[in-house]
Each structure stands twice: as structure tokens, then as C-alpha cells.
Amino acid sequence: MSSTLLSTTTTFDKGLAPSYQHFKEKYNLECLVDDIKQHLGESGGISSEEVDEEYLISLARKYISDPSDWIEYFYNDTSKNYTRNAIENINHKANILLLVWNPGKGSPIHDHANAHCIMKVLAGQLHETVYYAPETDSKEAKPLAIKSANTFGMNEVTYISDDIGLHRVHNPHPTQIAVSLHLYTPPNAADYGYNIFNEATGSASYVSQAHSVSKKFGLFDLLGEDVDHPL
Ligand SMILES: N[C@@H](CS(=O)O)C(=O)O
Ligand SMILES: [Fe+2]
């Protein structure tokens with residue numbers, strides 16, 4: 001018997017409720033959010049240059065998806081390609097979002113506004129296509145070149161930044177939704193906007209704000225441009 005199991009048995013024997021035992025044992029979404037807050041500092045704390053993305057990625061890997069953790073944030077607008085649900089805004093240091101992807105739908109090719117982006121699949125599968133960013137001084141229309149393409153299953157984690165390239169993400173399943181957890185630090189796309197790109201020409205269009213909705217707090221914030229390009 002492992003020592004963890006032994007201590008659980010002891011706790012339970014002392015008459016504590018099973019829910020407490022569960023809380024103690026499980027690394028749930030709340031634990032993940034707390035660890036992210038601790039790393040970033042809820043106020044003051046480290047700058048985005050000091051963010052250790054490898055550490056944040058390791059935290060995202062440590063969390064094992066449990067729908068009972070994230071169902072309170074889950075809202076799916078079936079008229080959209082995907083719905084961005086706000087989980088937490090860490091004092092302008094980071095945004096944590098729950099994204100719900102309709103079957104066969106995805107995001108346009110976009111950058112990440114000079115931020116770190118960590119994505120973890122919580123349900124279903126997501127396909128990510130990474131593109132080389134167009135040369136900044138080139139005015140010539142040129143199709144974007146693909147750098148890599150991968151499908152991620154439940155609990156898999158991927159990372160992108162503008163140093164890696166641009167990407168588009170889509171749910172390849174014909175009938176089932178997919179759900180993912182996204183961490184953006186700093187939350188530049190929400191605060192200052194980002195760019196979407198035309199695959200055939202490489203031309204960029206600026207989007208002034210990435211909006212999100214909040215089911216948990218009853219706030220359906222539809223401010224900002226609502227870009228929802230079909231694949
Ligand atoms: N970065 C996108 C989702 S994805 O395509 O990674 C967003 O926040 O809307
Ligand atoms: Fe993205």
C-alpha cells in the first residue's frame with residue numbers, strides 16, 4: 001500500500017467527509033489556477049519576460065481534465081465556430097479561458113499579440129496547423145507556408161508564441177464538440193487586439209479585441225469585434 005493511500009485511509013478513519021478526502025487528493029482546476037496565480041503574482045510579481053513558460057506548461061500537464069471542474073464555465077454558442085468562456089483574469093497578467101469548439105469548426109489563422117499561449121485539450125480532439133509568419137517587410141502577396149500540423153487528444157498540451165509562428169486550430173470531429181483550456185500571458189489579445197491572416201496572400205487584418213463571455217458570473221460581454229471566420 002502506498003503512503004498516500006495509507007494517509008487517506010487514516011484521514012477517512014478519523015471521520016472526515018469523503019469530499020474533503022477528495023479535495024486533498026486531487027489536483028483540480030482550482031489548484032491549477034492557484035498555482036498559475038502564484039507563479040505570475042496576483043499583483044506586482046514577475047514581468048512577462050520573467051514568465052517561465054516551461055513551468056506553466058508542466059502545471060497544465062499535471063491537471064487531468066474532469067468535466068465537473070469546468071462545467072460551470074461551459075457555454076456553447078452553436079451559431080459560432082467556437083465560444084471563448086472567461087475563467088479568470090489575473091490582474092492584467094494573464095487570461096485563463098475555456099474554449100468550446102463546434103464540430104468541424106475552428107479559428108482563423110492568427111498571431112498571439114506577443115504573448116505566451118498554452119492550450120490543453122479537455123475533451124475531444126483539436127488539430128493545430130502552425131504557419132511561418134510572413135516576412136514583416138514583404139509587401140508581396142505570398143501564401144503562408146505550413147511549419148507543422150498535429151492533432152491533440154484529451155489532456156495533451158501545446159504551446160505557441162509569435163516566436164514560433166501563427167496558427168489555426170480546429171475541431172476535426174464531424175459531430176462532437178471539443179473543449180480546451182487556454183492560458184494567455186500577458187493577456188495582450190484581450191487588452192490590445194491581435195491579427196488574423198489570409199492564408200493565400202499572407203496579408204494581416206487587425207482585430208481590436210478578443211472578446212469572451214462569462215456564464216459563471218452571468219456576464220455575456222459582447223464588446224469587441226466578433227471575428228468568427230469559417231475554415
Ligand atoms: N488563440 C485563439 C484560440 S486558438 O486558435 O488557439 C483564441 O484565443 O481565440
Ligand atoms: Fe491561438
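A residue is called buried if 20 or more other C-beta atoms lie within 10 Å of its own, exposed if 12 or fewer do, and partly exposed in between, with C-beta atoms placed from the backbone. By this rule, buried residues make up 32% of the 231 residues in the protein. The structure is a predicted model, in which local features need pLDDT of at least 70 and side-chain atom pairs count only at pLDDT 80 or more, while totals for chains, interfaces and linings use all residues. Residues are numbered from 1 along each chain as its sequence is written, and chains are lettered from A and ligands numbered from 1 in the order in which they are written.

The protein has 6 helices and 11 strands; these are DSSP runs numbered from the N terminus, helices being H or I of at least four residues and strands E of at least two.

**The sheet**

Strands of a sheet pair through backbone hydrogen bonds, either parallel or antiparallel.

| β2 | 94-101 |

**The nonpolar cores**

A nonpolar core is a set of buried Ala, Val, Leu, Ile, Met, Phe, Trp, Tyr and Cys residues joined through C-beta atoms within 7 Å. The largest core holds 41 residues, of which Ile36, Leu98 and Leu183 touch the most other members. Elements supplying at least two residues each include α3, α4, β1 and α6. Strand β2 gives the largest share, 7 residues. Two residues are in contact if their C-beta atoms, placed from the backbone, lie within 7 Å. Not counting residues up to four places away in sequence, Leu183 touches Ile36, Leu56, Ala60, Ala94, Ile96 and Ile118.

**The helix pair**

Axes are lines fitted to C-alpha atoms, for helices over the stretch in contact, and angles run from 0 to 180 degrees between N-to-C directions. Helices α3 and α4 pack at an angle of about 170°, with their axes 10 Å apart. The pair is therefore roughly antiparallel, a term for angles over 145 degrees, whereas those under 35 count as roughly parallel, 65 to 115 as roughly perpendicular and the rest as oblique. Leu32, Asp35, Ile36 and His39 in α3 meet Tyr55, Leu56 and Leu59 in α4.
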